[in-house]
Amino acid sequence: MSKLQDWKKDRGEAPGVTPVALHEHRILVANRGEIAMRIMRSCIKLGVAFTAVYTAEDAASGHVRLAREKGGEKGLFRVSSYHDANELMAVADEAGCTAVHPGYGFFAEDFRFARRVTKRDRKMIFIGPSWKIIRELGDKINTKRLARSLGVPTVPGSDRPIYDELEAERIAKSVFDFQEQQGIQRPLVLVKASAGGGGMGIEEVYDPDQFRSVYRRIRNYAMRQFKDEGVLIEQRITDFNHLEVQVISDRSGRNPVHFGTRNCSIQSTGLQKRVEIAPGFAPETLEYSFNAERVLTDIVDYSLTMARKVGYDNVGTWEWIVTRKGEPFLMEVNTRIQVENGVSACISRVHGREGVDLIAEQIRTGLGQPLGYTQEDIATEGVGIEYRLIAEDPDNNFTPWVGRIERFAWEEAPWLTMLTHVPCDAPYEIPTEFDPNLALAIIWGRDLHEAQARGLTFLNSLRLEGSNNAGEALKSNVGFLKANTGRILHF
Amino acid sequence: MDNNIAKRIQSLRDRLTYLQDIFAGKHADNANLLEERLAAFTERARWAQLDDPYADIASLEDLFAYVERRLEDCITPMDKVRIVRHPQRVCLRDILENVYDNFTEVGGQDEHSLDPGMLIARAVITRRSGKKSHTQSVMVIGQEKGHGAEFRNGGSVKPWGNAKALQYMRVAETEGIPIHAYIFTPGSYPIEDYPGAAQQIARNIYGMAGLRVPVVAVISEGGSGGAEAIGLADKRLMLSHGYYSVISPEGAAAIEGRIKEGERATPELIEHCAEHLRITAQDNLAFGYIDRIVQEPPLGARPWHFDFFRHLRQEVIRATDEVIISTRRMPLLKSIALSRRRKADANLDEMHMGWGLSASAKERLRERRQQKFLRLSRQAACDRRPFWTKTATAFCDWLAKPWRTFKYDFYRKHQRQMRSMMEEVSNEWDLFRNRLLSPWRRLSHKLPGRAENAQAQLELTALSAWSGDGRKSKWNYISPRFKIDRTLTCPNSASYGCLDLWGPDLFAEFAGVCSHCGYHFPMEPEWYVKNVFDVGSVFEFNSEIEAGNPLDFPDFSARVAEAQQKTGSKSGCMTFEARIDGIKMVVAMLMGTFRGGSVGAAEGYKFVEAAQRAAKKRYPFLAYVHGTAGIRIQEGTHGVIQMPRCTVAVRRYIESGGLYMVLYDTNSFAGPLASFLGCSPYQFAVRSSNIGFAGPGVIKETTGMDIPPKYHRSYRALSRGHIQGIWDRRQIRANLKQALLTIGGRNLYYR
């Protein structure tokens with residue numbers, strides 16, 4: 001009960017007051033593109049009013065069109081930047097919004113934004129976990145310590161920023177020794193700035209004698225860049241699969257449920273996901289060198305333990321590393337809805353019914369409604385594959401391709417869900433300001449082989465043509481997706 | 001017309017214009033009378049209508065003298081200001097030519113000089129004892145106004161002029177000759193160069209606080225920083241028509257009347273300020289900031305007042321002699337010698353005494369000078385400490401002194417030797433033990449089944465001890481402004497494109513720092529007190545010393561009371577003992593919220609007390625400048641005397657082995673910066689602070705030049721060499737600790 005009261009207090013509501021009915025809410029969709037469209041569709045489904053925003057570059061985007069059609073008066077506002085919280089707040093006040101949905105990216109994991117939304121004079125609901133949870137789990141070190149305190153396995157190494165050179169060397173030495181004892185051929189240690197992020201200030205060390213110079217370099221870099229000398233030292237795991245657990249809970253934070261696992265191991269060279277598959281492994285179809293079923297249940301249990309511990313009160317994803325030996329390590333927690341939520345939704349059945357919409361569930365629980373089902377009511381069926389269609393050059397380091405899309409068509413099928421903000425009936429100029437994601441294709445099959453076959457059918461039927469100002473033809477990752485469809489869920 | 005008559009008529013004309021100028025329209029009847037009589041005489045003399053022109057002109061001169069004597073009685077302070085600024089006023093060259101027997105100008109000649117405003121000369125004074133004559137050298141240093149010479153810049157000295165003065169003071173110290181400083185300056189030239197004005201003045205004052213030769217200063221026009229740059233003297237004489245003040249009356253009026261750019265203060269207001277700032281020689285003598293007044297002829301000395309120069313010569317010789325005598329150890333002989341020189345009819349030219357000093361006498365001279373300045377201006381601050389507190393403090397000090405001497409001068413020294421010896425012994429023992437045990441170790445490593453694997457796994461996956469808790473707020477104290485629900489615009493947003501910041505984020509989590517460009521919004525002093533130092537370690541002392549209104553400046557008491565009410569502290573300087581991770585220190589904090597952080601008698605008193613406390617306890621001493629606008633002008637000379645006074649305290653502290661550090665935040669300007677803050681060898685600033693001598697408005701007013709933007713930014717101060725580093729506000733604690741550990745020695749006191 002106290003958790004419930006806490007979050008109500010955060011939102012300025014007196015405890016004990018029943019939440020406002022759904023149709024009295026208005027949600028600010030503080031995002032763009034495909035996710036904005038999905039949020040708006042879910043709102044329409046739930047009967048919640050919404051207000052969308054767009055910038056000048058996005059005027060031709062599908063989400064603008066949808067908002068114009070379905071948003072009604074005060075359904076669409078133009079802003080100068082999606083990053084400007086002040087402007088978003090002004091729009092929310094103008095439109096009379098009662099809640100904000102951040103989508104993914106932009107403000108999704110910004111606890112300051114969440115705090116601001118819930119603590120400003122004119123309070124709103126932040127559709128996402130409460131800001132304290134975002135802050136707690138958004139900090140990787142904190143997450144790691146929390147995990148260790150609950151006995152959840154994490155990557156071996158330090159669990160706090162190291163400021164002392166001697167201590168750093170001692171830890172690095174023990175990480176090297178540990179890997180040697182594990183029989184790893186080329187032990188690697190990762191040195192990273194604890195305040196860093198987005199891949200900045202990370203370096204690998206393969207030679208223990210080299211550690212000191214790398215450590216100093218990273219420390220000085222962190223000092224300059226992040227004003228904090230703290231450094232983390234971890235084992236570098238090279239051969240692994242990337243798994244995720246989809247968790248959702250209502251505002252009481254007491255009964256989190258999971259919607260299965262996902263495997264996101266097929267990534268670009270920049271470690272960006274390209275294909276996501278649910279469930280995480282297919283032990284009934286494929287042979288693994290470890291007990292895959294056991295791993296899946298373990299990571300799900302660990303994730304729910306942590307969610308229960310922190311009183312997690314919305315949608316979130318626990319990201320795991322699974323090594324070739326079948327050891328899971330917690331990597332981080334994403335306190336937001338993810339791009340690939342649809343692939344989990346498509347294999348899930350609540351009370352045996354299809355058509356689960358995780359975003360709708362998120363909005364519904366975020367606005368204060370109880371979840372209404374338990375883990376026993378959730379089942380999974382079949383295999384889902386999600387392809388991210390992106391205009392990029394896989395042969396050239398996945399460089400984004402910019403230009404004009406002239407033709408974008410595919411064959412509809414009952415097992416296919418296509419999510420895109422790119423209009424199919426008109427040419428579309430890819431804006432250079434945002435990430436070049438064009439569409440998400442979610443494919444469902446009864447088993448892995450059927451899903452793979454349907455995926456290839458879809459990719460073969462896809463027509464994606466265009467050219468840029470230099471007259472070069474559009475480059476896309478369709479070929480890459482085709483080539484990788486065969487190896488999905490293989491370790 | 002006789003040529004002699006013409007000359008005398010001309011000189012009378014000069015006297016008349018002088019009289020008219022200095023009274024600026026007052027006493028017009030007297031001036032008109034003189035003008036009429038002079039015109040009538042000139043008319044008649046031109047046509048040779050006079051029987052005895054010499055007798056007539058003598059009577060006319062008598063009339064002039066009579067009127068001048070009459071008007072002398074009704075001179076106001078503002079008239080004195082006009083007197084010292086008049087082109088006919090005596091200047092340093094006149095004094096050199098008439099007071100000294102011979103001189104050679106060094107460090108430049110006329111306009112061909114590093115700074116023509118600063119004149120330096122080696123001069124000699126010849127004195128006789130019986131039939132023998134003795135020639136004594138002195139170093140004469142002073143500002144030269146010239147008689148309206150443009151290139152002299154009105155005696156406003158640039159930083160390099162002050163550097164030149166300091167250089168020749170050092171020369172005089174090497175040669176062991178006394179220094180005579182003549183102060184004829186309206187103020188220093190407020191330019192930030194290499195070095196900046198404040199920086200150089202601070203060096204000068206710090207240098208003069210330790211000079212080992214007698215220094216005699218003669219003040220004619222003593223304007224604030226420029227005067228202090230050469231004014232820290234054993235004896236300070238003052239010409240009776242001079243003024244000595246913290247700021248020119250016009251400047252005071254501009255500040256008092258809150259004059260905006262382009263406007264001018266009314267003459268009444270200027271007159272009012274001149275009167276209440278108590279800038280005259282008589283006032284300063286009463287306060288004790290000068291030692292003696294040199295009487296000038298009626299309406300001020302001009303170059304033809306040769307008797308004045310004779311008098312001045314006697315006075316400077318007497319002052320120098322007295323300084324020399326004061327270093328003697330025999331009290332009886334000392335008083336006899338002093339009384340001989342103080343007799344009214346004593347002719348100092350006939351009394352010879354050497355001006356050289358022995359090494360121990362030089363030490364005593366220095367000590368006397370420092371003590372003299374430390375004693376000044378105590379009466380100007382209201383010390384509200386209860387009697388028993390003061391007694392108890394004094395008693396505790398008396399008790400603790402032998403203990404501290406034992407601890408620092410004896411025990412620590414030997415402890416250090418002991419420790420280094422023990423380290424060597426233990427190192428040798430380790431080596432020996434390893435040799436002894438190595439065969440066994442080699443054997444045991446090869447044994448199978450060593451449970452190191454599990455141990456390593458445990459070590460790498462178990463929780464390590466960590467005191468930092470990420471969930472708690474980083475700050476112990478949060479500015480009350482964090483409650484405002486509105487956004488603030490960063491001043492740099494135009495150039496760096498910073499997004500507006502939400503108040504609760506900015507003032508709580510970001511510590512008032514723009515998250516995009518690092519601009520520092522000003523924070524309250526409490527923020528620093530509670531966040532920089534260990535929780536609960538701050539112990540304030542001397543909080544009962546109150547800022548007051550020593551000059552009874554009109555309406556000022558109410559304003560001080562208002563500031564006290566607003567900030568809840570009694571003066572603009574908070575002195576406390578505090579710790580950073582257990583490192584103890586004494587801190588004097590100038591608070592920008594209390595009347596702009598201006599320094600008056602109470603602030604100076606507390607600063608000096610804090611420095612002395614740090615020296616006594618062997619703690620590092622930190623001057624934390626939350627903000628200072630300069631010397632508090634409403635306290636007049638009580639304020640300006642804090643510059644040499646606090647610098648003396650700082651110098652004594654540093655020379656006793658202490659570590660004195662200064663940290664600037666927000667805006668730090670003028671007097672304090674040009675003395676006790678600017679003289680520290682270790683000065684740091686947080687970003688976005690402004691450091692300089694005078695603000696843009698004052699520079700525009702005094703020099704007529706438009707300063708470039710960001711003229712006073714801390715980065716500029718860094719490139720001028722004024723400060724040693726720029727810190728981020730969020731890093732102050734860590735940087736301060738690191739600086740203390742690296743700059744301070746083993747016990748953070750003795751370097």
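# A tour of chains A and B

Chain B has 27 helices and 20 strands. The model is a predicted one, so keep that in mind at each stop.

**Stop 1: chain B as a whole.** Select chain B and orient the view along its principal axes. Its C-alpha atoms fill a box of roughly 135 × 70 × 55 Å. Of the 751 residues in this chain, 44% are buried. Among the contacts in chain B with a separation of 6 or more, 75% are between residues 24 or more positions apart.

**Stop 2: the domains of chain B.** Colour chain B by its domain assignment, which gives domain 1 as 3-74, domain 2 as 85-375, domain 3 as 480-516 and domain 4 as 523-742. Then select domain 1 and domain 4 of chain B together: their centres, taken over C-alpha atoms, are separated by 55 Å.

**Stop 3: strand E6 of chain A.** Move to chain A and select residues 189-193, which form strand E6. Is this strand largely enclosed or largely open? Four of its five residues are buried, so the rest of the structure largely encloses E6(A).

- Residues 202-205 of chain A are strand E7, which runs antiparallel to E6(A) and is joined to it by four bridges.
- Residues 231-235 of chain A are strand E8, also antiparallel to E6(A), with five bridges between the two.

Now pick Val189(A). Its bridge partner in E7(A) is Val205(A), and in E8(A) its bridge partner is Gln235(A).

**Stop 4: helix H13 of chain A.** Select residues 448-461 of chain A, the 14 residues of helix H13. How far apart are its end C-alpha atoms? They are 20 Å apart, which agrees with the 20 Å that the helix should span at 1.5 Å a residue.

Within H13(A), show the side chains of the buried residues: Leu448(A), Ala451(A), Gln452(A), Arg454(A), Gly455(A) and Phe458(A). Turn the view to look down the helix axis. The buried residues fall within an arc of 165°, so they line one face of H13(A). On the face turned away from this buried side, look for the exposed residues His449(A) and Asn460(A).

Terms used
Residues are numbered from 1 along each chain as its sequence is written. Chains are lettered from A and ligands numbered from 1 in the order in which they are written. This is a predicted model: local features need pLDDT of at least 70, side-chain atom pairs count only at pLDDT 80 or more; totals for chains, interfaces and linings use all residues. The expected span of a helix is 1.5 Å times one less than its number of residues. A residue is buried if 20 or more other C-beta atoms lie within 10 Å of its own, exposed if 12 or fewer, and partly exposed in between; C-beta atoms are placed from the backbone. The arc is that of the directions from the helix axis to the C-beta atoms. Domain bounds come from an automatic or database domain assignment. Two strands pair if DSSP finds at least two bridges between them. Two residues are in contact if their C-beta atoms, placed from the backbone, lie within 7 Å.
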